[in-house]
Amino acid sequence: MSRGSGVRKTYMENSYMINDDELSEQAEAAHNGLADTDDRYGKRSAYVKMGPYYTKLIKAKHFLSASGTVAERDAIAYNSTEFTTYVDNLRDATIDLEILEAKRESWQREIDIWRTLGANRRR
């Protein structure tokens, strides 16, 4: 049936009736989701990747300014407010990044499905 006939074209996939308009809306929503989260994903990803370096820098800063034995200086450095705050923020950023990655993978799958169905329709 042609698009101009007023009847919406549907496809049978996994026993679901998939409507062209609904599929296009889902693909557009997935594309928008990816585009809207690009900055946040990039920032979170960089923050998490830099985590090991920043924790070493913060620890070293407090270790060098502390006095006592090496074990005492380590304890002071690891218990500093700056270090514990950074580790808490890193934990939250890692959780947020994992959730964001899962959402982005789902959105990408939706786009891939839309692309595959579109290619199959053209055959």
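Asp-88 and Arg-91 sit three residues apart in helix α4, so about one helical turn separates them. Helices here are DSSP runs of H or I with at least four residues, numbered from the N terminus. The side chains of Asp-88 and Arg-91 form a salt bridge at 3.5 Å, N to O; the term requires a side-chain nitrogen of Lys or Arg within 4 Å of a carboxyl oxygen of Asp or Glu. Asp-88 is partly exposed at a relative accessible area of 37%, and Arg-91 is partly exposed at 46%. Buried means under 20% relative accessible area, exposed means over 50%, and partly exposed lies in between, with a 1.4 Å probe and protein chains only.

The model is predicted: local features need pLDDT of at least 70, side-chain atom pairs count only at pLDDT 80 or more, and totals for chains, interfaces and linings use all residues. Residues are numbered from 1 along each chain as its sequence is written, and side-chain values use heavy atoms, with hydrogens and water left out.

The structure holds eight salt bridges. Another of them joins Asp-112 and Arg-115 at 3.1 Å, N to O. These two residues are three apart in helix α4, hence separated by about one helical turn. Asp-112 is partly exposed at 31%, as is Arg-115 at 47%. Elsewhere, salt bridges with shared partners link Arg-40, Arg-44 and Asp-96 into one network.

Arg-44 is partly exposed at 32% relative accessibility, whereas Asp-96 is buried at 16%.

Helix α4 (residues 81-122) also packs with helix α1 (residues 20-36), at an angle of about 140° and with the axes 9 Å apart. Axes are lines fitted to C-alpha atoms, for helices over the stretch in contact, and angles run from 0 to 180 degrees between N-to-C directions. The angle makes α1 oblique to α4; under 35 degrees counts as roughly parallel, over 145 as roughly antiparallel, 65 to 115 as roughly perpendicular and the rest as oblique. In α1, the residues that meet α4 include Leu-23, Ala-27 and Leu-34, and those on the α4 side include Trp-107, Ile-111 and Trp-114. Contact means heavy atoms within 4.5 Å.

Thr-37 lies in the loop between α1 and α2 (38-65). At 9% relative accessibility, Thr-37 is buried. Not counting residues up to four places away in sequence, Thr-37 touches Leu-100, Arg-104 and Trp-107.
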